Amino acid sequence: MPFSITRLDNSFPTEGKVYLFDANVWMFILALPHQLNAHELAYVNFFDAVVNLSSNPLCKNRPYIHLNGLIISEVYNAHMKSHWDAYKVNNPLVSSLKKYRLTDDFKANLKSIKSDFDAYLPYLKIVTSLTHSPETILFDVPSFSDYNDHYYYQIAKSNGYIIVTNDGDFRYENIEILTMNQKLLSIVE
């Protein structure tokens, strides 16, 4: 199968499918609504459409959103770092992440991200086992990709999942990719 890259805003979730939302997309999902542009909002709308279809009592074969520890790690770290960066602007004496972890701001943001993930639990397919060995992924990473993206690709390919990404370097064949990223879309246009 050659490249299968589709514009996200022309796509609708399908019953029975599993969608792997890349960490860069989760950042849009967990962002405050006023921070999103139309391009980013397309990802949030698609995510919401998957949740809505999955929660519809008429849906006979619910779609799910794949989530694993690596995605949570990427999202958690980026989310908390962005809050720490914002906090440092007005609190220059908090010069390390260790010090930031002692603040009420950190505790509130930690509670918020936990609450966000908790709200989506019924729609998530959380996988706790490793499907692919880390060293196999490491030694197989192509030069255009990073480790995490290659790991997501291997998961999607072996399980028939659909990738939802805004990463312009996610140039993989043999899987379905939904995106608004023009660099990716130009591959198939």
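Me: What makes strand 5 (residues 162–164) and strand 6 a pair, and do they run parallel or antiparallel?

Reply: Happy to start there, keeping in mind that this is a predicted model. Two strands pair if at least two bridges are found between them. Strand 5 and strand 6 are joined by 3 bridges, so they meet that cut-off, and the two strands run parallel. Within this pairing, I163 stands opposite I177 of strand 6.

Me: How do you know that strand 1 (residues 4–7) is paired with strand 6 (residues 176–179)?

Reply: Use the cut-off of at least two bridges again. Here 4 bridges link strand 1 with strand 6, and these strands are parallel, so they too count as a pair. Look for I5: its bridge partner in strand 6 is I177.

Me: Why are F106, N109, L110, I113, F117 and Y120 in helix 5 called buried?

Reply: Buried means under 20% relative accessible area, and F106, N109, L110, I113, F117 and Y120 count as buried in helix 5. They cover an arc of only 105° around the axis, which puts them on the same side of helix 5. The elements that cover these buried residues include helix 1 (23–29), helix 2 (38–55), strand 3 (64–68), helix 3 (69–90), helix 4 (97–100) and strand 4 (124–127).

Me: Which residues lie on the other side of helix 5, and what makes them exposed?

Reply: There you find D104, K111 and A119, which are exposed. The word applies to residues with over 50% relative accessible area.

Me: Now the protein chain: why does its radius of gyration agree with that of a compact globule?

Reply: For 189 residues, a compact globule would have a radius of gyration near 16 Å, and the protein chain has 18 Å, which agrees. Its C-alpha atoms fill a box of roughly 55 × 45 × 35 Å along the principal axes. Of the 189 residues, 41% count as buried.

Me: What elements make up the secondary structure of the protein chain, and how many are there?

Reply: You can find 8 helices and 6 strands. Starting at the N terminus, their order is β-β-α-α-β-α-α-α-β-α-α-β-β-α. Among contacts between residues at least 6 apart in sequence, 64% join residues at least 24 apart.

Methods:
Residues are numbered from 1 along each chain as its sequence is written. This is a predicted model: local features need pLDDT of at least 70, side-chain atom pairs count only at pLDDT 80 or more; totals for chains, interfaces and linings use all residues. Side-chain values use heavy atoms; hydrogens and water are left out. Buried means under 20% relative accessible area, exposed over 50%, partly exposed in between (1.4 Å probe, protein chains only). The arc is that of the directions from the helix axis to the C-beta atoms. Contact means heavy atoms within 4.5 Å. The radius of gyration is taken over C-alpha atoms; the globule rule is 2.2 Å times the number of residues to the power 0.38.
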